[in-house]
Every structure is written in C-alpha cells, then in structure tokens.
Amino acid sequence: MKDLQSSLDRPALLSPLNFIDGEWQSALSGETFAVHNPATGEVIANVPDSQPVDARAATDAASRAFPGWREKLPKERAAILRKWYDAIVANGEDLARLISLEQGKPLAEGRGEVAYGASYVAWFAEEASRIYGDIIPQQQRGKRMTALKEPVGVVAAITPWNFPLAMIARKIAPALAAGCTVVAKPAEDTPLTALALLKLAQEAGVPAGVINIVTASREHAAPAVGDWLADERVRKISFTGSTAVGKYLARESAGTLKKLSMELGGNAPFIVFDDADIEAAVAGLMASKFRNGGQTCVCPNRVYVQSAIYDRFADVLSTRVAALKVAPATDEAAQIGPMINARAIDKIVRHVEDALAQGARALTGGKRLTDVGPNYFAPTVLADATADMLLFREETFGPVVPLFRFDTEADALKAANETPFGLAAYFYSQDVRRIDRVSRLLEAGIVGVNEGAISSEAAPFGGVKESGYGREGSRYGLDDYTTLKYVCQGGLA
Ligand code: SIN
C-alpha cells in the first residue's frame, strides 16, 4: 500500500475504506480482501470486505440524504458536479496511474478513460438544469394537467472492472444531476479508482450521504448487494456487467419492483463489405477491437469479411496486429496490457483452442505470453472462423479477432443478428443505399458505420435483446433516473 501511495502525486487520494455518510470506515466485521496488479499478480492494497450490514448502513445514509439533495436547486447540484469534474481533471494523472495499476490498461488508455469518465460528469452537470416536464394542452375547462420529472430516489450503482472510472462516473453523475442519492459497489478487481473518485467528490462538496460506496470480495458481493435488492428504499439499480448477473439482479429485485438499467454483454459483429475502404476498415477494427486489450462490451467479437476481399483484408490486418506492443502499463509504449485475471485468460485460451481444433488458422498470435507476465495473451487473428466455434456464440473479451467469410449482404445480416445479444454492431461500406439498409436491419442498440470509435458522453449508450435496457449518457440518460409525475389541478375555471 505504501508503495502504491508513493507512486501518486497525491498519496491521500487513496483511502482503502468504505465511504458511508461522509465517513471513511472499515467493514463492520473488520474483514478485508486483497486487490492485485494484473500485470504481476502482486497484492497492491487491501480493502473492506463488506457484508449486508455495511450495505444497509450505506442505504440508511443515502435515504437520509435524499430529501435534502432533491430539494437543492438544479444549478446548485450542477455547481457541485462541475467542481467534481474540475477535481477529476486536476488529478487526472494520478487517476490514470491507478486505473492502469489495478486494471492493467496502458497508461495512454488510462488517461483516455479519465477524460472519458470526466466528460459524463461535465455533461450531466450541464443537463441538471434541463430536466423539463410538460404542460399538457388543456383538455377540459378549469383543469391544468402537467407532467413533472422527479428523482427516482436511492440508486444502487454496480459497476464493472473494465472501465473502473468511466462506468461509475456515468452512473453517479446523472443520478446526482436528477436529485437522486447513491449507494455503489465497484468490481472487486478494481475498487481503488472508484474510492479515489469518491475522495474527489467529497472534496468537491458532495454532502454526506449523497454518495456512499462499499467494497466486497467476489464471495461477499452477492449477499451485500442482496441487501439492496430486497430493500424497498432502493428504488433503482444501474448495472454494467454480464447478462447472467443482470438477469440475476432483475430476478432478485422483482420483489420490490425497482426501476432497472442493464448494460449487459455484447457479441458485436463487424462487417466489411467488398465496396469498403479496406485501409479505413482495418484502422476502425484495430481501434475498436484492441481498446482495453479487447475487454470492452462494445468490442467487435465476430468479424465478417466478404469473400472477394477476404484474403487481402486478412493480410493487411494481421500485419498490423503482429506489430502491436504487449507490455505492462509501466512501459509508456505499451498498446496491449494484461488481461484482468486468470479466469479471463482461461476463457480466451478455451476459445482459441476450440477454434483451432475446429479448423481455424492463426495468422498471428494464438498463445499466452507467459514471458511478459501471468495474464498476457498475444494479439491474435484467426482465419476460417465458423459458426460452430465457441467464439461465435460467446464474448471472448480478449485480443482475438476471428475472421468469418460471407458472400451476400443477406448472409452477413443473418449471421450478424444470429445471437441473443444486441449491444453494438459495425459495418464498412461506401454504398449509400446499403448504409441505410444495413443500419436499419442490424439488431443492436449502437451501430458504427465506417467508424470504430462510437462512445461519447453525448450519445445514448445501451443495447437491445439480452444486452439489456436503459441508456447511459446523452439527454436520454437522465430518463433512467427520473419518474414522471402527472399533476392534475382542478377548480381553475
Ligand atoms: C463497456 O465496455 O461496458 C463500456 C464501453 C464504453 O463505454 O465505450
């Protein structure tokens, strides 16, 4: 821990404690669990292993704080959010180091994530004053009908390890802007960035109880979160993570009928038609697929290339992929860092071995890089992928590009949509009619057309089918944190 703090310009940013009702505190049991550096496997900190009693204390604080926070003027809430944004930017380098240390992404990407996460805070600071309702045109004399947007109440934010700053920022910022208070649990692999973010929120003047955070190990996460699922005071859950866990949360919270936002798994297709600009398609695929080493819900998981250009595309792509630098984040030149943990590596190995056994060819990569560290996998391109392979059905979440061949537009669309998931989809084409047609027919919440970088605080992020529901970011993102109240005032004639 001392080593970790000494690597920061502001060591005080790191409080390895829960934050409840404005106080930094241990779990009531005093138990802790270890956080590891995925690049080396070393323990870098110990944080509270919270249990239901700690989760309950967080809800108590958030419920007490709710009436005061919701009564603040939107511009008062906005001013605090804006200060939080300024603090994130001012401490950006430390936050990037923390992200890279506990999550493994290269430092340049860690810096990118700080800017990305901060952009949601700035966006929702601005949106706070624009939560309009409606005056409904008069239907009867003497009656005025209005629709008002009100904060939903206490929100439970449950966040993943792949973007330890951006995902929690894009849940807490709209919640606070709307007048909600928050209880949060970050992923057990990456709690330190979230705790640092809360430290900055405290310094920015977020009142006690408005944001509360508890950390818990894999073993204790379900009981701790279970307390929120059963507690009728928690009115909403916002979750980013796997579809299996999303379904569990939806099922287990049904008893108190909460509002839910679920940003779940994807299995994104990336289609390259033979009228595409091949160089642009390779560049878009590289940017999108290898972001965070392939550990992103919107990463292309299946790449479909039309037969006439398949070999040329595969050649250009594998040359670019073979040149990627795999190294720990401490190396400024790193482009691909470690995977998050041994379970992640095991899944990638299983997918690649299954594909090779069923006839895929590794054009580059295809193996673990144990000489670099425990959790590294070589950036890989697999030709001759088919729908029988595991990597067609499941999200690999690693630096592996399987290339599928197709003949017609109809074949590509059928294969792309042949999945229960529907988060992101991408395609490259220069035919305007095809662009219109394929954008409409792809079953996904987000479509990139001749573009691999689709994420933005100004855009609605979310999926269809088993990739979930609700939208984060954009002007639509606030709807998830508000309820509509209809007020009918009579006696006005
Ligand atoms: C995710 O992987 O869940 C989020 C990625 C993004 O916001 O671009």
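**Entry 1: the annotated domain**

I began with the UniProt record, an unreviewed entry, whose annotation "domain: Aldehyde dehydrogenase" covers residues 24-487. I note that the structure I consulted is a predicted model. For residues 24-487, I found that the end C-alpha atoms lie 41 Å apart. I recorded the span as 39% helix and 21% strand.

**Entry 2: helices α5 and α6**

I next looked up a pair of helices. Two packed helices are described by the angle between their axes and the distance between the axes. I took helix α5 as residues 107-127 and helix α6 as residues 166-178. Their axes come within 8 Å and cross at roughly 10°. Angles under 35 degrees count as roughly parallel, and α5 and α6 are therefore roughly parallel to each other.

I then listed the residues that make the contact. From α5 they are Glu113, Tyr116, Gly117, Tyr120, Val121 and Phe124. From α6 they are Ala166, Met167, Ala169, Arg170, Ala173, Pro174 and Ala177. I sorted the residues of this contact into ten nonpolar, one polar and two charged.

**Entry 3: serine 318**

Is serine 318 buried or exposed? Buried means under 20% relative accessible area; serine 318 has 9% relative accessibility and so counts as buried.

I also looked up the surroundings of serine 318. A polar atom of the serine 318 side chain lies 2.4 Å from the backbone oxygen of alanine 314. Leaving aside residues up to four places away in sequence, I found that serine 318 touches Leu363, Thr364 and Val381.

Technical notes
Residues numbered from 1 in each chain as written. Predicted model: local features only at pLDDT ≥ 70, side-chain atom pairs only at ≥ 80, totals over all residues. Heavy atoms only, no water. UniProt positions renumbered as here; feature names shortened; annotations may be inferred. Helix = DSSP H or I, 4+ residues; strand = E, 2+ residues; numbered from the N terminus. Axes fitted to C-alpha atoms, helices over the stretch in contact; angles between N-to-C directions. Parallel < 35°, antiparallel > 145°, perpendicular 65-115°, else oblique. Contact = heavy atoms within 4.5 Å. Nonpolar A, V, L, I, M, F, W, Y, C, P; charged D, E, K, R; others polar. Buried < 20%, exposed > 50% of the residue type's maximum accessible area, 1.4 Å probe, protein only. Polar contact = N/O pair within 3.5 Å; in protein donor to acceptor, adjacent residues only side chain to side chain.
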